[in-house]
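Subject: Structure handover

Hello,

Here is the structure for you to take over. My notes on what was found in it follow below.

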Amino acid sequence: MNSAPSIPSAPPPSAHPAAPSVSGKAVRPGDRIFLGLSRGSGIALLVIMAAIAAFLTVRSVIAISGDHANFLTYFDWSASGTEPKFGIAVLAFGTVVSSVIAMVIAVPVAVGIALFISHYAPRKLASPLGYVIDLLAAVPSIIYGLWGALFLVPHLTGFYSWLDDFLGWTGIFSYSDEAARSLFTVGILLAIMILPIVTSVSREVFLQAPKMHEEAALALGATRWEVIRMSVLPFGRSGVISASMLGLGRALGETMAVATVLSPSFLIGASLLNPGGGTFAQNIASKFSEADEFGQDALIASGLVLFVITLLVNGAARLIIARRKEYSGANA
């Protein structure tokens, strides 16, 4: 009679190699160095931001305390003389209006281009087109300014006359046949400048949309547009908002292109097509070289306002994105 085969006994616990412990602490020299560099970079960024804010605040307090007019509502900029009077009403209006015009024009066009590259164009066309869009973001702003002054401004007079014929009754689009060096022209130029940024970021976000969602929608009989509307756009909404805020930040702080195209004046007119207006960055660039010490403090005070507006815009964008915590490129 054969005996039952013996079952080998399990090796003692000591025979298994101990698994390496995983923790968040840096245990190797390379980890410690990388942790120190990363932490130092973050702290350095906060220190730099705090130093900029402190510098702007100190110089702004000096200027505002010597201003003989209301800094927020005065319509002129005369920071030199025995009784300096200056205000940011016109500058704030021009900065906000030109940036809003740029966003209204650029964001829908950029989203359309991004969707075409990511979901409609064949691969042989999508790659070169995306490369060209990325190259446009690297063009210097002075080149855009020269193109706007020498080409865009002369060719907009006919379009402005057409707007005046059909929409001049609103007052916003009335045109007096002057050179098209207006806030609306600045908005169009800024839209062209921020278009590559918004397009590139939106394209990358749309490419990260979950393929399973798109394939499931197609399996249920959805058309290409229905797939984009139900799967791609909801997923990429936060990314488009981030891209738009990134473009808005450039539009708010653009200097040379605006200074080249705009015919500035410290008047707020009802029409957006007639020359006039101004922006924070354009005013600082045009007046800083000829300003005395107090005049420079006044310009720095206007720069502080632009600094605060930019922080508020980016903070609002972060709050909007935080409400959609399910968005994450890693989950695609």
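First, a term: on a 1 Å grid over the protein atoms alone, a cavity is a set of points where a 1.4 Å probe fits but cannot get out, and lining residues have an atom within 4 Å of a point. Points are joined across faces, edges and corners, and a volume is the space filled by probe spheres set on them. The structure holds 1 cavity of 30 Å³ or more.

The model is predicted: local features need pLDDT of at least 70, side-chain atom pairs count only at pLDDT 80 or more, and totals for chains, interfaces and linings use all residues. Residues are numbered from 1 along each chain as its sequence is written, and side-chain values use heavy atoms, with hydrogens and water left out.

**Cavity.** The largest cavity has a volume of about 30 Å³. Its lining includes T95, S98, L190, E254 and T279. Helix α2 gives the most to this lining, with 3 residues. Helices here are DSSP runs (H or I, at least four residues), numbered from the N terminus. By class, the lining has 4 nonpolar, 4 polar and 1 charged residues. Ala, Val, Leu, Ile, Met, Phe, Trp, Tyr, Cys and Pro count as nonpolar, Asp, Glu, Lys and Arg as charged, and the others, Gly among them, as polar.

**Pockets.** A pocket is an open set of points with protein on both sides within 12 Å along at least five of seven lines. The largest pocket has a volume of about 220 Å³. α3 (123-136) gives the most to its lining, with 5 residues. R123 and R203 are among the lining residues. The second largest pocket has a volume of about 170 Å³. Its lining has 8 nonpolar, 9 polar and no charged residues. Of its 17 lining residues, L267, G269, S271, N274 and G276 lie nearest its centre.

**Core.** A nonpolar core is a set of buried Ala, Val, Leu, Ile, Met, Phe, Trp, Tyr and Cys residues joined through side-chain atoms within 4.5 Å. The largest one has 58 residues, and W77, F86 and F206 are among those with the most contacts inside it. Elements giving two or more residues to this core include α4 (141-167) and α10 (293-322). Contact means heavy atoms within 4.5 Å. Beyond four places in sequence, F86 touches residues including A63, W77 and F294.

**S202.** This residue lies in helix α5. Leaving aside neighbours within four places in sequence, S202 is in contact with A114, V240 and A243.

Best wishes

Key
Buried < 20%, exposed > 50% of the residue type's maximum accessible area, 1.4 Å probe, protein only.
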